[in-house]
Amino acid sequence: MKVAIYTRVSTIEQAEEGYSISEQQDKLKKYCDIKDWKVARVYTDPGFSGSNTNRPSLQQLISDCKNNMFDAVLVYKLDRLSRSQKDTLYLIEDVFNKNGVGFISLSENFDTSTAFGKAMIGILSVFAQLEREQITERMTLGRVGRAKAGKAMSWANCPFGYIIQKEIYEIDPFRAEIVKRIYRDYLSGVSITKITQKLNEEGHVGKNVNWSYRTVRQILGNIVYAGYIKYKNEIYPGLHKPIVSLSDYKKVQVELEKRRITQAQLFNPRPFRAKYMLSGLMRCGYCNSVLQIYTTQLKSGVQLHNYKCPSSSPKSSSRYKRHDFDCGFTRVRKNDVESVVISEIKKLPLNMDKVINNKENKDNAKEIKAIKVELQQVEKKQDKIVDLYLLDNINVDELNKKNDELSKQKENLQKRLNSLTDNKKKEKIEDFIKNAKEAKNIDKLDYEKQKVIVRNLISGIKVFNDKVEINWNI
Ligand SMILES: [Zn+2]
């Protein structure tokens with residue numbers, strides 16, 4: 001029988017364990033002598049790790065194997081052939097077995113020509129499977145390690161203003177200036193909407209597509225620009241140069257929160273300032289002016305309150321007046337219009353479906369769900385190709401190409417999703433339904449409580465001479 005001897009030792013093993021090539025070869029040659037086997041050739045990979053199959057002599061052995069230059073391969077220990085169960089299994093099954101070549105490992109007494117050896121292949125394949133599963137786990141650990149080492153975390157979306165070079169974010173000077181400008185403008189009081197508008201008016205330089213509110217907002221909130229790496233809510237110092245100072249970054253975060261709160265207050269004005277339930281809520285149905293209250297005192301001392309349109313009387317000099325023609329609005333009694341509104345609120349739970357359907361298209365829900373599933377799949381694919389890259393299964397060009405495709409897909413899906421969902425809207429509807437249910441006894445409550453409920457449920461009322469139209473606050 002003609003036997004190929006294969007030996008390998010990595011640099012570290014050589015230094016640490018004195019696990020030398022010549023020692024392995026001596027033992028294997030003696031073994032062949034005892035068995036009366038002829039050594040066809042000795043293959044040696046000194047200084048190569050066993051974690052992959054990119055070893056010159058191993059590659060030679062594989063190609064010689066296909067040319068029937070020996071009957072069996074002999075190694076000193078299984079891990080000399082490979083440290084990966086997956087690669088071991090591949091070599092034994094797909095290379096050696098396929099070409100009718102046996103495989104013997106001296107230390108483990110492992111011989112594929114024996115029944116025990118064949119059983120071992122089965123066991124190996126179980127390990128190989130396990131190993132494949134553990135790779136994902138190791139990849140995750142690998143990512144934390146990357147973050148801790150301050151390396152670039154995201155192949156998928158390299159932050160605007162940087163390019164990835166040798167795993168580290170490098171500043172792209174032109175785009176970095178745009179990032180700086182966004183921070184500067186925001187800190188000087190310009191709104192995100194205005195910043196976005198301005199960038200697009202200038203032809204969205206530096207980007208292939210228009211800037212969106214979301215991208216500008218993301219840039220303002222990304223700590224990468226201050227020189228840090230964030231991974232799973234942990235922040236690590238990055239190896240890259242910051243584009244903005246940490247203090248500016250912090251100022252922007254404070255400002256973002258401040259403006260968020262002001263914004264919220266703007267949309268939720270405190271209801272307690274108005275003296276009357278409907279003051280400020282009602283507009284003229286003919287000319288859209290805000291109705292004003294007028295109080296007249298009767299001789300008996302009784303006060304009458306009426307709402308009038310400031311534009312209805314050509315002679316009026318009200319500061320609320322919007323134009324000089326008579327819009328035709330006469331007046332409504334405060335008590336009348338208030339009781340109409342109260343009764344509409346009482347009826348609200350019965351009309352709820354109608355009220356909500358007017359605001360929302362039910363068909364959206366299905367599409368939203370489908371898009372979310374699709375988005376998750378695209379993200380999974382992105383993770384997977386990064387893993388493939390880390391495992392040397394694809395090269396960096398393939399990685400980038402695939403990533404660009406997936407990023408494009410993701411962007412389109414996100415766009416569609418944004419146009420369909422508005423989570424705030426959903427929350428608002430839920431709030432509205434809750435408030436409406438709580439309001440069913442509104443006619444039995446005192447005036448101050450009624451005022452609060454009305455302002456929660458109603459965003460505006462159009463008043464005509466003969467009817468009112470309520471805009472519900474959804
Ligand atoms: Zn009017």
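Student: Is D172 buried or exposed?
Tutor: This model is predicted: local features need pLDDT of at least 70, side-chain atom pairs count only at pLDDT 80 or more, and totals for chains, interfaces and linings use all residues. Residues are numbered from 1 along each chain as its sequence is written, and side-chain values use heavy atoms, leaving out hydrogens and water. Buried means under 20% relative accessible area, exposed over 50%, and partly exposed in between (1.4 Å probe, protein chains only). D172 has a relative accessible area of 12%, so D172 is buried.

Student: Which residue meets the side chain of D172 in a salt bridge?
Tutor: A salt bridge needs a side-chain nitrogen of Lys or Arg within 4 Å of a carboxyl oxygen of Asp or Glu. Here the N to O distance is 2.7 Å. The partner of D172 is R175.

Student: How many salt bridges does the whole structure hold?
Tutor: Some join into a network, which links K77, D79, R80 and R83. A search of the whole structure gives a total of 18.

Student: Why are D185 and R181 about one helical turn apart?
Tutor: Helices (H or I, at least four residues) and strands (E, at least two) are DSSP runs, numbered from the N terminus. D185 and R181 form a salt bridge at 3.7 Å, N to O. Both are partly exposed, D185 at 22% and R181 at 22%. They are about one turn apart because they sit in helix 7 (residues 173–187) with a spacing of four residues.

Student: Which helix holds both K251 and D248?
Tutor: Their side chains meet in a salt bridge of 3.7 Å, N to O. K251 is partly exposed at 48%, and D248 is partly exposed at 27%. They are three residues apart, about one turn, in helix 10.

Student: What geometry does the zinc ion have?
Tutor: Donors are N, O and S atoms within 2.8 Å of the metal (3.2 Å for Na, K and Ca); water is not among the atoms, so sites may look incomplete. The zinc ion is held by the SG atoms of C284, C287, C309 and C327, at 2.2 to 2.3 Å. Four donors count as tetrahedral if all angles lie between 85 and 135 degrees; four are square planar and six octahedral if opposite donors are over 155 degrees apart and all others between 65 and 115, and anything else is irregular. The angles here are 96 to 117 degrees, and the site is tetrahedral.

Student: Which residue in strand 13 is the bridge partner of Y307?
Tutor: Strand 12 and strand 13 pair in the antiparallel sense over two bridges. In strand 13, Y307 is partnered by V332.

Conventions. Pairing = 2+ DSSP bridges.
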